[in-house]
Amino acid sequence: MPPQDDHAGTEDEEAAGLRKIIHVDMDAFYASVEQRDDPALRGLPVAVGGSSGRGVVAAASYEARRFGVRSAMPSGRALRLCPELVFRKPRFEVYRAVSQQIRAIFLDYTPHVEPLSLDEAYLDVTADIKGIGSATRIAQEIRQRIRAETQLTASAGVSYNKFLAKLASDQNKPDGLCVIRPGEGAAFVASLPVRRFHGVGPRGAEKMARLGIETGADLAARDLAFLRAHFGSFAEYLFRAARGVDLRRVRADRPRKSVGGERTFFENIEDPQVLRETMDHIVDVVWERIERAQAQGRTVTLKLRYADFQTLTRARSLAHFVSGKAEFAALGHALLQEQLPLPQPIRLMGLTLSALAQPGHDARTADGQLSLL
């Protein structure tokens with residue numbers, strides 16, 4: 001869908017409570033940074049992650065994706081799909097620095113920026129503080145500045161709620177822009193395959209297909225009772241998503257209750273060694289977020305979603321704040337080990353730090369000792 005003027009900020013839209021939301025998503029961020037910094041990698045299939053047979057792909061360039069290589073895929077499978085695949089170890093300190101550059105660009109246009117990770121964020125530009133004239137033009141300008149200042153490309157979605165903006169940012173990747181205007185959301189969602197809905201993986205899409213659900217329109221035709229019977233707590237999300245409904249606000253300053261991350265797998269996994277390698281990768285990503293947020297917490301929670309969409313969570317709480325990455329990793333691995341062998345393969349794994357210190361806390365642990373953080 002080509003970008004057009006959406007006349008952001010009109011009185012009718014304000015009266016209806018519609019927001020102007022942009023979702024910006026960097027294109028193959030980690031891999032693109034590696035290709036930018038090493039010109040010899042440009043045009044080659046590149047994966048960021050562990051190259052051993054037990055490693056996991058953290059990110060894949062678009063050249064690698066053409067061979068079917070995807071993030072969260074075991075490295076051995078990635079190499080079988082693409083024998084010429086070039087691996088690079090993650091450099092999170094570099095990715096974090098680039099992310100901060102991009103965040104500074106966002107803040108030139110709105111204070112309402114909600115980061116989701118190093119490479120994506122929501123922006124609420126309902127208040128057009130620079131007088132640019134429309135959310136579409138703001139998104140275009142942001143993408144141009146990202147390219148000029150970082151030599152990287154970003155895709156953006158523009159719409160009136162967060163769910164639709166995120167769908168739109170994925171519509172014309174890479175280096176694309178898509179706009180979903182008021183009144184267009186339900187029709188846009190109806191035409192999409194359910195696989196495009198955030199949280200619906202390959203196995204979930206297969207299960208839906210067996211139930212006769214292949215598109216958003218098919219999903220919207222099912223009532224909430226039917227969805228609850230087949231998808232449990234996931235049903236409410238699916239019911240709203242099928243109608244393009246999302247009432248969440250972009251919240252830049254919400255009190256943080258936890259810091260975490262999760263990974264949905266390209267293929268369901270159950271091999272204990274692959275699970276442990278995946279845990280190591282999640283620990284790396286989540287601990288980077290913990291340090292960036294300067295967060296301290298006492299509870300570590302493991303989340304596993306099985307192939308049948310049932311979700312298991314297990315937590316362990318300490319009397320003191322988690323002292324560092326090593327202790328965080330040890331707790332995560334201990335929680336995982338307690339679940340092995342798995343009763344069935346999993347499609348998602350997540351790890352979260354919670355029971356966080358409140359703002360203004362003096363960084364002391366429960367027993368009064370100063371934290372190493």
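Author: Happy to. One term to begin with: a cavity is a set of grid points where a 1.4 Å probe fits but cannot get out, and its lining residues have an atom within 4 Å of a point. Please keep in mind that this is a predicted model.

Reader: Thanks. How many cavities of 30 Å³ or more does the structure hold?
Author: There are 2 cavities of that size.

Reader: Which residues line the second largest cavity?
Author: Its lining is made up of M26, S99, I102, R103, F106, S117, L118, D119, E120 and A121. Two elements give two or more residues to that lining, namely helix 5 (92-107) and strand 6 (120-124).

Reader: And which element gives the largest share?
Author: Helix 5 does, with 4 residues.

Reader: Changing topic: where is L152 placed?
Author: L152 lies in the loop between helix 6 (135-150) and strand 7 (154-159).

Reader: Buried or exposed, then?
Author: L152 counts as buried, because its relative accessibility is 3% and the cut-off for buried is under 20%.

Reader: Which residues does L152 touch?
Author: Leaving aside residues up to four places away in sequence, L152 touches M26, F29, S32, V33, R36, V98, I146 and R147. M26 is also one of the residues lining the second largest cavity.

Reader: How far apart are L152 and S32?
Author: In sequence, L152 and S32 are 120 residues apart, while their C-alpha atoms are 7.0 Å apart in space.

Reader: Zooming out, what does the secondary structure come to?
Author: The protein has 14 helices and 12 strands. Of its 373 residues, 48% count as buried. Among contacts with a separation of 6 or more, 64% are between residues 24 or more positions apart.

Reader: And what is the accessible surface of the protein?
Author: About 17,200 Å², with 49% of that belonging to carbon and sulfur atoms.

Reader: Last topic, confidence. What is the mean pLDDT?
Author: The mean is 87, and 90% of the residues reach 70 or more.

Reader: Where does pLDDT stay under 50?
Author: One stretch is residues 1-16, for which the model has 40 contacts beyond four places in sequence. Another is residues 359-373, with 23 such contacts. Where pLDDT is low, the predicted coordinates should not be read in detail.

Conventions
Residues are numbered from 1 along each chain as its sequence is written. This is a predicted model: local features need pLDDT of at least 70, side-chain atom pairs count only at pLDDT 80 or more; totals for chains, interfaces and linings use all residues. Side-chain values use heavy atoms; hydrogens and water are left out. On a 1 Å grid over the protein atoms alone, a cavity is a set of points where a 1.4 Å probe fits but cannot get out, and a pocket is an open set with protein on both sides within 12 Å along at least five of seven lines; lining residues have an atom within 4 Å of a point. Grid points are joined across faces, edges and corners, and a volume is the space filled by probe spheres set on the points. Buried means under 20% relative accessible area, exposed over 50%, partly exposed in between (1.4 Å probe, protein chains only). Contact means heavy atoms within 4.5 Å. Accessible areas come from the Shrake-Rupley method with a 1.4 Å probe; for residues, only the protein chains shown count as cover. pLDDT is the predictor's confidence in each residue, from 0 to 100.
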